[in-house]
Amino acid sequence: MAQTRTTDNGRRRGPVRADTVLTIDTQWYDPAVTVVTVGGVVDAANVDSLIDTVLDRAMLCCSMIVDMRGVRYLSVSGFEALRLLDARCALADTRWTVIPSSAVRRLLRRFDLTGQVPTTASLEQAFAAAELHVPIVQFAGPDGDNKTA
């Protein structure tokens, strides 16, 4: 169902459809692994929100899973956002992967010829890969010997 919005000066804007909304949800499974679930439509109108949110989360974890199985449309600007995320995660030493929907997979097949954007088929595989990157923390015990946490 479409709605019509008006601005303060009374001009009408185009219909706002529920199926064109971008949704982003974050779940922290532990301090090292974060899952960012993205749904809806990723296009030039909302790609900045996606970049800001996902980059913010990437700086706070060791491994990040971007679950895009709910994305129905990904524009070229959305693909560029994924390439930017890859570069920033490399700088932050954050391992990341995308679980693509069919729409995301289609765009990656066409534009990501070098495989720059890492993909995983399922959440289970993404968690398995994320666990391999969680750093081992060492701390000194009371008698000065190093212990592994």
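## Where two helices meet

Val76, Phe79 and Leu82 in H2 meet Leu107, Leu108 and Phe111 in H3. Contact here means heavy atoms within 4.5 Å. The H2–H3 contact holds six nonpolar residues, with no polar and no charged ones. Ala, Val, Leu, Ile, Met, Phe, Trp, Tyr, Cys and Pro count as nonpolar; Asp, Glu, Lys and Arg count as charged; the others, Gly among them, are polar.

This is a predicted model: local features need pLDDT of at least 70, side-chain atom pairs count only at pLDDT 80 or more, and totals for chains, interfaces and linings use all residues. Residues are numbered from 1 along each chain as its sequence is written, and side-chain values use heavy atoms, leaving out hydrogens and water.

## Helix geometry

Two packed helices are described by the angle between their axes and the distance between the axes. Helix H2 spans residues 76-92 and helix H3 spans residues 102-111. They pack at about 75°, with axes 11 Å apart. H2 and H3 are therefore roughly perpendicular. That term covers 65 to 115 degrees; under 35 is roughly parallel, over 145 roughly antiparallel, and the rest oblique. Axes are lines fitted to C-alpha atoms, for helices over the stretch in contact, and angles run from 0 to 180 degrees between N-to-C directions.

Four strands make an open sheet, ordered E3-E4-E5-E6, with mixed pairing. Strands E3 (22-30) and E6 (95-100) are the edges, each pairing on one side only. Twist averages 15° from one strand to the next. H2 packs on this sheet, touching E4, E5 (63-74) and E6. The direction of H2 makes about 175° with that of E5.

E3 pairs with E4 (residues 33-42) in the antiparallel sense over eight bridges. Leu22 has Gly40 in E4 as its bridge partner. Strands pair if DSSP finds at least two bridges between them.

## The loop residue Ser75

Ser75 sits in the loop between E5 and H2. Ser75 is buried, at 9% relative accessible area. Buried means under 20%, exposed over 50%, and partly exposed in between (1.4 Å probe, protein chains only). Beyond neighbours within four places in sequence, Ser75 contacts Val42, Asp43, Ala44 and Leu107.

## The whole chain

The protein chain has four helices and eight strands. Helices (H or I, at least four residues) and strands (E, at least two) are DSSP runs, numbered from the N terminus. Of the 149 residues, 38% count as buried.
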